[in-house]
Amino acid sequence: MLIMGAPGAGKGTQATALAEAYSVPAISTGDIFRANIRNATELGVKVKAIIEAGEYVPDDVTEAIVADRLAEEDCASGFLLDGFPRTMHQVHFLDRHLSRQRRRLNAVVSLMVEPDVLVARLLDRAQKEGRTDDNEDTIRRRMEVYAGQTAPLLFHYERQGLLVEIEGTGTVEEVRQRMLEAVAARKA
Ligand code: ADP
């Protein structure tokens, strides 16, 4: 499965719940990058400035990380990707990668939240969590990049009949229930 949504849509939070419900690992490319930045690895050093500017990490770098992660044993009977794919190149990469292994996606969850709510949530998170990419300029840039590069990918998954659109406004618990019901209905 995949979970998609604009910055602030609640992907990370709901990804954890969805992954737990289906007993698969939730894999967040953003978390992987942040852990590498924290530990000042070679990868972390390479991506720090890019992420702080609100831009996307190059496709080849991100795709290699995802391929490695999907090869781990805990992904053998399924996985949930949070924050990947984000570009058309990554979509094609994932399609090819899975079909080579005779695997396929079962559902693509899209969390839909209005732009005003997104900005308010991110500014609130900035105060609480101190993520260095949660400042006003970077937030604006991340929204633009999402709208330009990632939102169009939803059409691709809609055409494949995989898209499950979820209204992402309300409490965490409300969204969680709405999402789990919709995914279960789709899979049935
Ligand atoms: P958000 O959805 O709030 O922007 P994420 O944790 O998913 O947060 O991503 C944080 C940042 O990590 C992105 O703004 C981007 O710079 C980088 N990133 C994460 N996933 C990808 C990806 N698939 N391709 C390119 N860059 C990525």
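The model is a predicted one, in which local features need pLDDT of at least 70 and side-chain atom pairs count only at pLDDT 80 or more, while totals for chains, interfaces and linings use all residues. Residues are numbered from 1 along each chain as its sequence is written, and side-chain values use heavy atoms, leaving out hydrogens and water.

Some of these charges pair up. The whole structure holds 15 salt bridges (a side-chain nitrogen of Lys or Arg within 4 Å of a carboxyl oxygen of Asp or Glu). One of them joins Arg34 to Asp31, at 2.8 Å from N to O. Both residues belong to helix H2 (residues 29-38), three residues apart, or about one turn of the helix. Arg34 is partly exposed at 24% relative accessibility, and Asp31 is partly exposed too, at 45% (buried means under 20% relative accessible area, exposed over 50%, and partly exposed in between, with a 1.4 Å probe and protein chains only).

Another bridge links Glu52 and Lys48, with 3.4 Å between the closest N and O atoms. These two are about one helical turn apart because they lie four residues apart in helix H3 (residues 42-52). Glu52 is partly exposed at 29%, and Lys48 is partly exposed at 37%.

What about Asp133 and Arg131: are they buried or exposed? Both are buried, and they form a salt bridge whose closest N and O atoms are 2.9 Å apart. They also belong to a network of salt bridges that links Arg125, Arg131, Asp133, Asp134 and Arg142.

Now for the overall fold. The protein chain has nine helices and five strands, running β-α-β-α-α-α-β-α-β-α-α-α-β-α from the N terminus (helices are DSSP runs of H or I, at least four residues, and strands are runs of E, at least two, numbered from the N terminus). Of its 188 residues, 46% count as buried. Among contacts (heavy atoms within 4.5 Å) between residues at least 6 apart in sequence, 72% join residues at least 24 apart. The C-alpha trace spans about 40 × 40 × 30 Å along its principal axes.
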